Amino acid sequence: MSKKKRVTGLVVWLCIVAALLVSRLFIGETAVKHHETIKEVMRDAVLHDSNKISLLGIKDVNPGLIAAYTVTAIILLMAVCIRIFVIPKFQYVPGKFQFLLEQMVGYFDNLAKSNSPHRNKFLGAYVFAAGVYIFIGTLFELFGFQGVTTTGMSIALPAPLSDINAAISLGCLSYLVILSGGIVGNGLRGVGNTLKDFSLPISMSFRLFGAMLSGLLVTELVYHFVQLSFVLPVVVGILFTLLHALIQTYVLTMLTALFYGEVSEPHEKQKKIK
């Protein structure tokens, strides 16, 4: 792209931003009507006590559950397509997409091997699956998929892990994986070592939930006020979402691999001194 074209594109972008800001000056606060106050928006983002979605007419559920099902379906569909259409065409000299896949798998495989040298095959598969779910699930809210609540309102589906139930489920699942490593590696002794860290699933769950929820609340706050609803939400939404996706993926997978390696490390039995 030539310098002239870049300058032209920048000028056009600045003109669009200026037009939006000028139009804001002519929009009165009374022209903007919110169905909910900011207090109600914040409360519902945490408790999910008003905006619920009907699950096939069976039960009213939190929007986070619908988001979780959607993200799971997306990941499974992606996995099937990659397995059928991409992996059979792998080459010795990788292309861009093959290189990206190999780097992802290699990163989580090295994470498992470096933290658990003795037992890491299942651990590598788990941290890869958990990391992909956290990353894609966090980016999911950027696309703004809509759902219709039981009251007829349209809302954007949130990140699945911004729901406390999903965060607790993933934290407990990671703890069970760590416990299984202790059982396989050291039997009852491994169980004892794992159960000593009884607060681990709580800390992992609420750390994940707190990070996801903070990004959701900041984004809701920015979008709620018209004064901030031009340009700024793009920056805030993308930066917060990408930051949380990367950090939380790293934190949970690292903690899981680290504790798994500790409890699964074999301990030699001490010989009795006669």
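Modeller: Read from the N terminus, the elements of the protein chain follow the order α-α-β-β-α-α-α-β-β-α-α-α-α, which amounts to 9 helices and 4 strands, where helices (H or I, at least four residues) and strands (E, at least two) are DSSP runs numbered from the N terminus. This is a predicted model, in which local features need pLDDT of at least 70 and side-chain atom pairs count only at pLDDT 80 or more, while totals for chains, interfaces and linings use all residues. Residues are numbered from 1 along each chain as its sequence is written, and side-chain values use heavy atoms, with hydrogens and water left out.

The second largest pocket holds about 690 Å³ of space. On a 1 Å grid over the protein atoms alone, a pocket is an open set of points with protein on both sides within 12 Å along at least five of seven lines, a cavity is a set of points where a 1.4 Å probe fits but cannot get out, and lining residues have an atom within 4 Å of a point. Grid points are joined across faces, edges and corners, and a volume is the space filled by probe spheres set on the points.

The lining of the second largest pocket counts 27 residues, and those nearest its centre are Leu-101, Met-104, Phe-128, Val-132 and Ile-136. Two or more lining residues come from each of helix H3 (63-86), helix H4 (96-115), helix H5 (121-139) and H9, and the greatest contribution, 8 residues, is that of H4. By class, this lining has 22 nonpolar, 4 polar and 1 charged residues, with Ala, Val, Leu, Ile, Met, Phe, Trp, Tyr, Cys and Pro counted as nonpolar, Asp, Glu, Lys and Arg as charged, and the others, Gly among them, as polar.

Helix H9, which spans residues 232-264, also takes part in the lining of the largest cavity, where H9 and helix H8 (200-224) each supply at least two residues. That cavity contains about 50 Å³ of space, and H9 gives the largest share of its lining, 4 residues. The residues lining the largest cavity are Met-204, Arg-207, Leu-208, Gln-248, Val-251, Leu-252 and Leu-255.

Leu-242 is also found in helix H9, and Leu-242 is partly exposed, with a relative accessible area of 36%, where buried means under 20%, exposed over 50% and partly exposed in between (1.4 Å probe, protein chains only).
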